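Subject: Structure for you to look at

Hi,

Here is the structure I promised to pass on. Could you open it next to these notes and tell me what you make of it?

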There are 2 protein chains.
Amino acid sequence: MASSRNLSRFWEWGRKIICVGRNYAEHPKELKNEVPTEPVLFLKSPSAYVREGAPILLPYYTNNLHHEVELGVVIGKGGTNIPQSNAMDHVEGYALCLDMTARDIQDQCKKKGLPWTLAKAFNTSCPVSDFIPKETIQDPHNVKIWLKVNDNLRQEGHTSSMIFSIPFLISYISRIITLEEGDLILTGTPKGVAAVQENDEMVAGIDDIISMKFQVKKQTQ
Amino acid sequence: MASSRNLSRFWEWGRKIICVGRNYAEHPKELKNEVPTEPVLFLKSPSAYVREGAPILLPYYTNNLHHEVELGVVIGKGGTNIPQSNAMDHVEGYALCLDMTARDIQDQCKKKGLPWTLAKAFNTSCPVSDFIPKETIQDPHNVKIWLKVNDNLRQEGHTSSMIFSIPFLISYISRIITLEEGDLILTGTPKGVAAVQENDEMVAGIDDIISMKFQVKKQTQ
Ligand SMILES: [Mg+2]
Ligand SMILES: [Mg+2]
Ligand SMILES: [Mg+2]
């Protein structure tokens with residue numbers, strides 16, 4: 001695909017992060033949410049991106065920052081109303097991602113009927129790995145994603161357990177929000193979400209294809 | 001300010017649209033919402049931008065698409081933890097904006113504790129005027145914004161009625177979400193929000209400084 005921009009550094013110029021909630025049946029159960037009949041979508045802004053070497057910051061307003069390890073899908077070719085049948089042609093690769101979530105704030109937002117922005121879209125709420133070229137992952141619905149905190153396994157899930165497949169999500173989203181080159185779709189998290197504290201170290205991976213490490217730090221004002 | 005990009009076409013490359021809800025006391029009242037003690041933030045993605053000449057599309061899933069006319073603030077200089085005292089130095093100009101809202105979907109999201117994405121962030125949900133250089137609007141808290149549908153005045157409000165001022169909003173947002181050049185902040189809508197139908201024509205303006213015209217069309221699949 002001809003492009004003037006380097007897709008392997010999509011976080012530097014990509015304009016959208018579209019997240020899917022509750023896409024593994026066991027995760028909504030652990031949070032006592034209904035298993036959805038349609039994808040639950042929310043947005044992070046690109047300033048949420050953070051890369052290995054920089055810390056994940058605890059927002060000043062939360063006491064319950066949760067990790068959610070997720071497979072990210074990187075869009076190479078944009079489109080609107082993309083049919084499921086050729087949705088995978090729009091994918092150029094993948095990334096391992098964390099959907100960092102201020103769970104206490106999210107609970108308040110849900111109770112009050114407020115948007116999830118403060119719970120989901122704060123600075124450093126989207127740690128991302130290096131770009132993984134499409135050919136490296138033969139079947140994105142057949143990999144294991146995992147996350148350890150201070151060497152203890154917290155999350156381990158298999159992408160075969162997704163409720164809505166990647167082609168379905170691409171097709172569904174693109175009817176509502178046009179996809180563009182450099183966009184990232186977070187495909188949901190398996191069970192095991194839990195809190196992290198200052199100085200915790202998280203290591204996450206996709207099988208033995210890729211791994212990444214992040215430390216949690218307090219936000220300095 | 002030196003820049004390789006043309007800020008007067010911020011919608012082509014800007015990466016964030018941050019919206020403030022309930023920022024005019026009379027609008028939350030008409031929707032029976034509490035007047036907030038802190039700004040309510042939500043996001044649109046840049047694919048929501050639409051410019052004069054192109055239609056505003058009724059999403060296939062709504063029966064109650066509302067107009068909200070708003071003053072948009074265009075960021076020229078990014079920053080994190082920006083103090084209120086020099087927040088206006090980060091502003092390069094303004095735009096007249098509509099925050100198109102699928103009100104029926106928003107009501108459902110509020111009831112179910114779901115994110116507002118489908119209600120607020122769909123394609124063409126952010127019509128924007130031409131860029132207005134900062135010096136054209138001497139005091140952004142002293143202009144009237146208005147909107148007509150088929151020549152009938154529906155919304156008319158004065159920016160002096162904002163609950164949270166522009167410097168306050170810039171400072172508050174930048175503690176949570178880093179601002180970047182080309183970002184747009186929608187500052188909330190005065191009372192008078194109501195539904196539009198297919199083929200309705202909306203004309204909106206800021207005093208006699210700028211106006212823009214949009215037609216509503218059905219989404220074609
Ligand atoms: Mg998630
Ligand atoms: Mg949202
Ligand atoms: Mg609004």
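This is a predicted model: local features need pLDDT of at least 70, side-chain atom pairs count only at pLDDT 80 or more; totals for chains, interfaces and linings use all residues.

**Metal sites**

I'd start with chain A. Which residues coordinate the magnesium ion (ligand 1)? The donors are E68(A) and E70(A), each through OE, and D99(A) through OD, at 2.0 to 2.1 Å. Along the chain these donors follow the spacing E-x1-E-x28-D. E68(A) sits in the loop between strand 5 (65-66) and strand 6 of chain A, while D99(A) sits in the loop between strand 7 and strand 8 (101-102), so the pair ties together parts that are 31 residues apart in sequence. With a relative accessible area of 4%, E68(A) is buried. D99(A) is at 1% relative accessibility and counts as buried too.

Now for chain B. The magnesium ion (ligand 3) is coordinated by E68(B) (OE), E70(B) (OE) and D99(B) (OD), at 2.0 to 2.1 Å. The spacing of its donor residues in sequence is E-x1-E-x28-D. Here E68(B) is in the loop between strand 5 (65-66) and strand 6 (69-75) of chain B, and D99(B) is in the loop between strand 7 (91-98) and strand 8 (101-102) of chain B; the pair links distant parts of the chain, 31 residues apart. E68(B) and D99(B) are both buried.

**Where the two chains meet**

The contact involves 38 residues of chain B and 38 residues of chain A. Between them, the two chains bury about 3,200 Å², with 53% of that on carbon and sulfur atoms. Three residues stand out on the chain B side: R15(B), R175(B) and I176(B) supply 21% of the area that chain B buries against chain A, more than any other three residues.

How many salt bridges does the rule find across this interface? Zero, between chain B and chain A. Polar contacts are another story: the count is 18 residue pairs between the two chains, with both residues at pLDDT 80 or more. As for which elements take part, strand 2 (40-44), helix 3 (117-120) and helix 4 (166-176) of chain B each give two or more residues to the side that touches chain A. Strand 2 of chain B gives the most, with five residues. By class, that side of chain B has 19 nonpolar, twelve polar and seven charged residues.

**Two helices of chain A**

Helix 4 (residues 166-176) of chain A is mostly covered, with nine of its eleven residues buried. Among the buried ones are I166(A), L169(A), I170(A), Y172(A), I173(A) and I176(A). What do the buried residues of this helix pack against? Within chain A, the partners are strand 1 (17-21), strand 2 (40-44), strand 6 (69-75), strand 7 (91-98) and strand 13 (184-186), and they are joined by helix 3 of chain B.

In helix 2 (residues 103-112) of chain A, the buried residues are R103(A), D104(A), I105(A), Q106(A), C109(A) and K110(A). After helix 2 of chain A comes G113(A), which has a positive phi, near 70°.

**A few single residues**

H90(A) is in the loop between strand 6 and strand 7 of chain A, and its relative accessible area of 9% makes it buried. A polar atom of the H90(A) side chain lies 3.2 Å from the backbone oxygen of G78(A). Beyond its neighbours within four places in sequence, H90(A) has contacts that include V74(A), I75(A), G78(A) and I82(A).

V203(A) belongs to strand 14 (residues 201-206) of chain A and, at 23% relative accessibility, counts as partly exposed. Not counting residues up to four places away in sequence, V203(A) touches W146(A), L147(A), K148(A), M212(A) and K213(A).

The last one is P190(B), in the loop between strand 13 (184-186) and strand 14 (201-206) of chain B. At 4% relative accessibility, P190(B) counts as buried. P190(B) and V69(B) are 121 residues apart along the chain, yet their C-alpha atoms are separated by 7.5 Å.

Have a look when you get a moment, and send me your thoughts.

Cheers

How values were computed. Residues are numbered from 1 along each chain as its sequence is written. Chains are lettered from A and ligands numbered from 1 in the order in which they are written. Side-chain values use heavy atoms; hydrogens and water are left out. Donors are N, O and S atoms within 2.8 Å of the metal (3.2 Å for Na, K and Ca); water is not among the atoms, so sites may look incomplete. Helices (H or I, at least four residues) and strands (E, at least two) are DSSP runs, numbered from the N terminus. Buried means under 20% relative accessible area, exposed over 50%, partly exposed in between (1.4 Å probe, protein chains only). Contact means heavy atoms within 4.5 Å. Buried area is the accessible area (1.4 Å probe) that two parts lose on being put together, summed over both. A salt bridge is a side-chain nitrogen of Lys or Arg within 4 Å of a carboxyl oxygen of Asp or Glu. A polar contact is a pair of N or O atoms within 3.5 Å; within protein, one must be able to donate a hydrogen and the other to accept it, and residues adjacent in sequence count only if both atoms are side-chain atoms. Ala, Val, Leu, Ile, Met, Phe, Trp, Tyr, Cys and Pro count as nonpolar, Asp, Glu, Lys and Arg as charged, and the others, Gly among them, as polar.
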